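Trainee: I am new to this structure. Please take me through one part of it closely.

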Amino acid sequence: MRVWLYGLLWVLSCSLIGVAQATPAGSAKAESKPHVVYLSLIIDDLGQSPAGDSRALALPGPVTLAIMPDTPHATEFAREAHRAHKTVMLHMPMDPATGPFAWHPELPIDELQKRLAAALKMVPYAAGINNHMGSRMTAQPQAMASLVEELQRRRLFLVDSRTSAQTVAAASAQRIGLASVSRDVFLDDERTTEAVTAQLDTAIQLAKKQGSVVMIGHPYPVTLDVLERALPHLKAQGIEWIELRQMIALRGNQAMAAHGKNGVYR
């Protein structure tokens with residue numbers, strides 16, 4: 001009986017030691033699990049160069065490809081991107097951009113609408129639009145109101161590239177409930193490896209702070225070099241790369257703190 005009791009006590013003590021050792025390790029593992037935040041990536045200015053277009057298309061995730069309508073490969077590349085199941089977007093030229101599709105403040109609304117319709121024909125399968133340049137144009141309340149109403153009619157979303165602090169594009173979309181989102185970080189205003197890497201790190205830190213980030217880059221060789229190296233490692237940093245329409249749904253048309261107050265765009 002005494003032997004049996006000693007044996008039972010030994011088994012129990014071993015079990016308790018095992019629990020005591022397992023619990024801290026399990027807790028540490030749970031505590032070290034990164035909090036998942038979200039990132040979306042847009043590559044602008046596509047349709048100009050087959051080499052740059054192909055590298056942007058090959059990026060390993062749900063990149064959104066914003067194609068300019070007045071480029072040599074716009075229609076062909078839009079079809080190729082669609083076949084590859086990527087989100088296609090019209091990169092709509094706006095003042096100070098020039099060309100047959102560009103929006104300018106002095107143009108009447110009916111001419112702006114004609115140019116939008118013609119641009120969309122050049123970029124088939126576009127799910128939405130964002131502005132190429134547009135620092136003067138996106139500050140025009142009447143034109144932006146007309147734009148978002150037409151996008152609503154066509155069931156297209158809007159990305160405000162925020163090329164101007166005076167933009168009213170996202171605010172106009174928010175007022176009518178148009179699916180939209182605003183850019184948070186430009187990756188490559190300065191075209192060096194160090195600068196692009198620093199901007200990508202800024203985007204990641206901002207995502208961790210506010211829960212999500214929308215980045216815009218361009219098909220510059222240096223930008224694509226940095227993205228090709230960095231994007232496969234996002235998950236290890238707790239960053240989930242999501243498709244742009246998912247980001248629009250996630251944010252629910254709410255402005256981030258840098259763009260407005262209490263979710264309302266300035």
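Mentor: Here is a close look at one helix, then at a helix pair and some backbone details. Keep in mind that the model is predicted.

Start with helix α5, residues 141-154. Its 14 residues, at 1.5 Å a residue, should span 20 Å. The end C-alpha atoms are 20 Å apart, so the two values agree. Now look at what α5 hides. Its buried residues are Ala 143, Met 144, Ser 146, Leu 147, Val 148, Glu 150 and Leu 151. The cover over them includes strands β3 (87-94), β4 (126-133) and β5 (157-160), along with helices α4 (109-122) and α6 (169-176).

Next, the elements around α5. In the loop between β3 and α4 sits Pro 96. The peptide bond from Asp 95 to Pro 96 is cis, and its omega is near 20°. The loop between α4 and β4 holds Tyr 125. Tyr 125 is not a glycine, yet its phi is positive, near 70°. Its relative accessibility is 48%, so Tyr 125 counts as partly exposed.

Last, the helix pair. Helix α2 (residues 50-57) and helix α8 (residues 221-230) have axes that come within 11 Å and cross at roughly 20°. The two are therefore roughly parallel to each other. Their crossing is left-handed. From α2, Gly 52, Arg 55 and Ala 56 take part; from α8, they meet Pro 221, Leu 224, Asp 225 and Glu 228. By class, that contact has three nonpolar, one polar and three charged residues.

How values were computed: Residues are numbered from 1 along each chain as its sequence is written. This is a predicted model: local features need pLDDT of at least 70, side-chain atom pairs count only at pLDDT 80 or more; totals for chains, interfaces and linings use all residues. Side-chain values use heavy atoms; hydrogens and water are left out. Axes are lines fitted to C-alpha atoms, for helices over the stretch in contact, and angles run from 0 to 180 degrees between N-to-C directions. Helices (H or I, at least four residues) and strands (E, at least two) are DSSP runs, numbered from the N terminus. Angles under 35 degrees count as roughly parallel, over 145 as roughly antiparallel, 65 to 115 as roughly perpendicular and the rest as oblique. A crossing is left-handed if the near helix is turned anticlockwise from the far one by less than a right angle, and right-handed if clockwise. Contact means heavy atoms within 4.5 Å. Ala, Val, Leu, Ile, Met, Phe, Trp, Tyr, Cys and Pro count as nonpolar, Asp, Glu, Lys and Arg as charged, and the others, Gly among them, as polar. The expected span of a helix is 1.5 Å times one less than its number of residues. Buried means under 20% relative accessible area, exposed over 50%, partly exposed in between (1.4 Å probe, protein chains only).
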